[in-house]
Amino acid sequence: MTEQKPYSDMTEHELRGEIARLKEKARKAEQLGIVNEFAVLERKAVMAAAYLLDPADFKKGEVYRIEGDPNVYFQIDYLKGRFAWGYRMSGEKHTEALPISMLRPLKEGK
C-alpha cells in the first residue's frame with residue numbers, strides 16, 4: 001500500500017483528483033449499503049476540499065450557512081488551521097469545529 005501525502009502537501013490538481021476519487025468510492029459504498037464507509041469517505045472528501053480554500057476568507061464573528069444543513073447557521077468564534085470553531089445559531093450554543101469547506105456565505109448567489 002502506498003503512503004498518501006498529507007492534504008497540506010498536495011497541489012490543487014492532486015486535491016481535486018483525491019476529492020473525485022473519494023467521492024467515487026463513497027458512491028460505490030453507498031450503492032453497496034456500507035453506510036459507515038460512505039460516511040468516512042464523504043468526511044474525507046470534505047476535509048480535502050477545505051485545503052482548496054483560503055482560511056483568510058472566513059472571518060471571526062461572521063455567520064455562515066452550513067452545507068447540507070438547510071436553515072442552520074454557524075457563527076465563527078475563531079479559526080484554527082482548516083477548521084472554523086464556533087456554534088450553530090439554533091438550539092444550545094455549544095462550541096464545535098467544522099471544516100471551512102462546509103461553510104457558505106449568507107450572501108452566496110446574490
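Start with the crossing of helices H1 and H2: H1 passes H2 left-handed, meaning that the near helix is turned anticlockwise from the far one by less than a right angle (clockwise would be right-handed). This is a predicted model, where local features need pLDDT of at least 70 and side-chain atom pairs count only at pLDDT 80 or more, while totals for chains, interfaces and linings use all residues. Residues are numbered from 1 along each chain as its sequence is written, and side-chain values use heavy atoms, with hydrogens and water left out.

Select 12-31 for H1 and 35-50 for H2; they pack at an angle of about 165°, with axes 8 Å apart. Helices here are DSSP runs of H or I with at least four residues, strands are E runs of at least two, and both are numbered from the N terminus. Axes are lines fitted to C-alpha atoms, for helices over the stretch in contact, and angles run from 0 to 180 degrees between N-to-C directions.

Now show the side chains where they touch. On H1, pick Leu15, Ile19, Leu22, Lys23, Lys25, Ala26, Ala29 and Glu30; on H2, take Glu37, Phe38, Leu41, Glu42, Lys44, Ala45, Ala48 and Ala49. Contact means heavy atoms within 4.5 Å. Colour them by class and you get 10 nonpolar, no polar and 6 charged.

Next, colour by domain: 7-51 is domain 1 and 55-105 is domain 2, with bounds from an automatic or database domain assignment. Their centres, taken over C-alpha atoms, are 21 Å apart. At the join, 6 residues of domain 1 contact 6 of domain 2.

Move on to the sheet. It is open, with 5 strands in the order E4-E3-E2-E1-E5 and antiparallel pairing; two strands pair if DSSP finds at least two bridges between them. At the edges sit E4 (96-99) and E5 (103-105), each pairing on one side only. Neighbouring strands are turned by 55° against each other on average, direction ignored.

Walk across the strands:

- Select E2 (69-80) and E3 (83-88), antiparallel over 6 bridges; phenylalanine 74 has arginine 88 in E3 as its bridge partner.
- Finish at E1 and E5, antiparallel over 3 bridges, where arginine 65 has arginine 104 of E5 as its bridge partner.

Methods:
Nonpolar A, V, L, I, M, F, W, Y, C, P; charged D, E, K, R; others polar.
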